[in-house]
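I opened the model to see how the chain packs. These are my notes, in the order I looked things up.

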Amino acid sequence: MVKFVLGPKGSGKTKWLIDGANHDKATGHGNIVFIDTDDSHIFSLDHSVRLINARNFGIENSKEMYGFLCGIISRDYDIEKIYIDGMYDIIDFNLDTFTILVNRLKEISKEYEVEFLLGMNKTTEDLPEEFRADSVELEAQ
């Protein structure tokens, strides 16, 4: 499954994702991965949540992001959830490439039983209709 955490900058998306990752690590049975575009949350995440700074890997587009995520999953079959925050900072999204990426993530999610949670500076209305049911929209604080 692919879920979306949406809202404007400052709405608490990152905190929501961090709290979710920490909760899932404490209550789940699998490994949790948190992908961000910096290392600033290293002390906010449980020490056993794997924090990955995507900028360290030269990811420039959605195809490279997909390959990166597949590589993570192929390395660790015990991954339960992958939280992704700030992906829009390194990848230029347009509706077509975004839809292709999400549909491909849905395929590997089903195949390897990994859930993806994507934090995005978007609103529910910005998402294609087919993805809206799997979104949580946070309000500006």
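Predicted model: local features only at pLDDT ≥ 70, side-chain atom pairs only at ≥ 80, totals over all residues.

I took contact to mean heavy atoms within 4.5 Å. Numbering runs from 1 along each chain as its sequence is written, and side-chain values use heavy atoms, with hydrogens and water left out.

I looked up Ile82 first. Leaving aside neighbours within four places in sequence, Ile82 is in contact with Val33, Ile35, Leu69, Ile72, Ile73, Val114, Glu115, Phe116 and Leu117.

Next I checked the nonpolar cores (buried Ala, Val, Leu, Ile, Met, Phe, Trp, Tyr and Cys joined through side-chain atoms within 4.5 Å). I used buried for under 20% relative accessible area, with a 1.4 Å probe and protein chains only. The largest core has 32 residues; Phe4, Ile35, Leu69, Ile72, Ile82 and Phe116 touch the most other members. Strands S1 (2-6), S2 (31-36), S4 (79-85) and S5 (115-120) and helices H2 (62-75) and H3 (95-112) each give two or more residues to this core. H2 gives the most, with six residues. Another core of 12 residues lies apart from it, including Ala21, Phe34, Val49 and Leu51.

Then I read the whole chain. DSSP runs (helices H or I, at least four residues; strands E, at least two) are numbered from the N terminus. I found three helices and six strands, in the pattern β-α-β-β-α-β-α-β-β. Of the 141 residues, 47% count as buried. Among contacts with a separation of 6 or more, 71% join residues 24 or more positions apart.

Terms used:
Buried < 20%, exposed > 50% of the residue type's maximum accessible area, 1.4 Å probe, protein only.
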